[in-house]
Amino acid sequence: MMIKIKVEDLIHKYPDGTQALNGVNIDVVEGEILAILGANGSGKTTLLKHLNGLLKPDSGLIILDNKELNDFKPGEVFRKVGMVFQDPNDQLIAPTVEEDVAFGPTNLNLGYDEIVSRVNNALESVKMKEFAKKAIHALSYGQSKRICIAGILAMEPEILILDEPTSGLDPEGVKTVMKILNDLNKEHGITIIIATNSVDLVPVLMDRVAIMDKGIIVQEGTPEKVFTDSRKLEGLKLELPQIAQLMEALRDKEKFPINSLPLTIGQARQELAHLINMENNAFASPEIS
């Protein structure tokens with residue numbers, strides 16, 4: 001298990017005096033999908049912007065591939081760690097889709113053929129190849145989000161960071177984006193870090209979860225470990241995934257003998273099937289010997 005990014009005692013205060021990070025410590029493992037959860041103002045976006053050098057810490061260390069981030073040349077970090085912003089308007093700058101996706105590779109001074117290849121591959125990865133000639137302003141919000149991802153993929157990063165990638169999307173858009181990210185992780189081995197408030201996505205996609213509150217990480221582990229105490233989550237202004245809320249209600253209000261809360265529909269189906277089998281066995285007639 002290789003550590004791609006190590007964050008040690010990270011502290012950051014904005015010029016207006018806002019203390020955004022208060023000593024963050026976390027490791028990011030190569031090949032994982034890590035979710036950063038937290039209420040608005042908890043420090044999620046500030047942390048993400050430190051991981052590829054967009055912001056500089058007041059103190060603390062960020063180590064990328066066993067090398068301190070400050071020791072990299074400016075362009076080297078962006079080639080290794082790409083960030084997709086929450087609002088596409090903060091990222092899309094060119095007139096057309098292919099020009100926008102080509103912007104990063106062009107600034108790497110790559111040859112024409114390599115740029116074309118990267119643009120085509122990136123657009124194919126986000127299922128937007130047929131939109132290459134389309135004007136940026138003619139894209140839907142969901143399409144714009146996917147082009148933002150493509151623009152970063154064209155840089156061929158090892159780590160992909162996304163700030164609220166599904167915010168503002170309809171259910172179909174959410175499904176599309178999350179499938180893209182899962183494919184990038186499973187088929188191409190890209191390490192992915194996602195800041196999100198969408199707890200329902202976490203048990204479906206994420207390998208590990210870190211919860212932030214007041215500029216520090218207060219809980220960390222697998223989704224099964226983190227989503228065990230609904231009262232603690234409420235104190236952090238978070239909720240259980242919806243399926244877990246339903247199962248919790250069945251346990252607490254209807255007295256169903258549920259030992260651990262399922263986090264996905266599949267897990268809930270297995271738990272309910274187990275309960276039904278238990279009930280059937282309890283009412284079965286004893287065998288006559």
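The structure holds 3 cavities of 30 Å³ or more, a cavity being a set of points, on a 1 Å grid over the protein atoms alone, where a 1.4 Å probe fits but cannot get out. The coordinates come from a predicted model, in which local features need pLDDT of at least 70 and side-chain atom pairs count only at pLDDT 80 or more, while totals for chains, interfaces and linings use all residues. Residues are numbered from 1 along each chain as its sequence is written, and side-chain values use heavy atoms, with hydrogens and water left out.

The largest cavity has a volume of about 80 Å³, where a volume is the space filled by probe spheres set on grid points joined across faces, edges and corners. Lining residues are those with an atom within 4 Å of a point, and for the largest cavity they include His50, Gly53, Leu61 and Glu68. By class, this lining divides into 5 nonpolar, 4 polar and 2 charged residues; here Ala, Val, Leu, Ile, Met, Phe, Trp, Tyr, Cys and Pro count as nonpolar, Asp, Glu, Lys and Arg as charged, and the others, Gly among them, as polar. Strand E4 gives the most to the lining of the largest cavity, with 3 residues.

Open space is treated separately: a pocket is an open set with protein on both sides within 12 Å along at least five of seven lines. The largest pocket has a volume of about 390 Å³. Its lining comprises 16 residues, of which Met83, Gln91, Phe103, Ile152 and Met155 lie nearest the centre of the pocket. In composition, the lining of the largest pocket has 10 nonpolar, 5 polar and 1 charged. Strand E6, helix H3 (97–107) and helix H5 each supply at least two residues of this lining.

Turning to the fold, the secondary structure of the chain comes to 11 helices and 10 strands; these are DSSP runs numbered from the N terminus, with helices (H or I) of at least four residues and strands (E) of at least two. Of the 289 residues of the chain, 49% count as buried, that is, under 20% relative accessible area, with exposed meaning over 50% and partly exposed in between (1.4 Å probe, protein chains only). Among contacts in the chain with a separation of 6 or more, 63% come from residues 24 or more positions apart, contact meaning heavy atoms within 4.5 Å.

By contrast, E9 (residues 208–213) and E10 (residues 216–221) pair in the antiparallel sense over 5 bridges, where Met212 has Ile217 as its bridge partner. E9 and E10 form a hairpin with 2 residues between them, and Lys214 in the turn has a positive phi of about 55°.

A further open sheet has 4 strands in the order E2-E1-E4-E5, with antiparallel pairing. The edge strands here are E2 (19–29) and E5 (67–68), each pairing on one side only. Helix H1 (residues 44–51) packs on the sheet, touching E1, E2 and E4 (59–64), and the direction of H1 makes about 125° with that of E1. E1 (residues 3–13) and E2 pair in the antiparallel sense over 8 bridges, with Leu10 opposite Val24 in E2. Since 6 of the 8 residues of H1 are buried, the helix is largely enclosed by the rest of the structure; Leu47, Leu48 and His50 are among the buried residues. Just after H1, Gly53 takes a positive phi of about 80°.

Most residues other than glycine have a negative phi. At 47% relative accessibility, Glu156 counts as partly exposed.

Definitions and conventions
Pairing = 2+ DSSP bridges. Axes fitted to C-alpha atoms, helices over the stretch in contact; angles between N-to-C directions.
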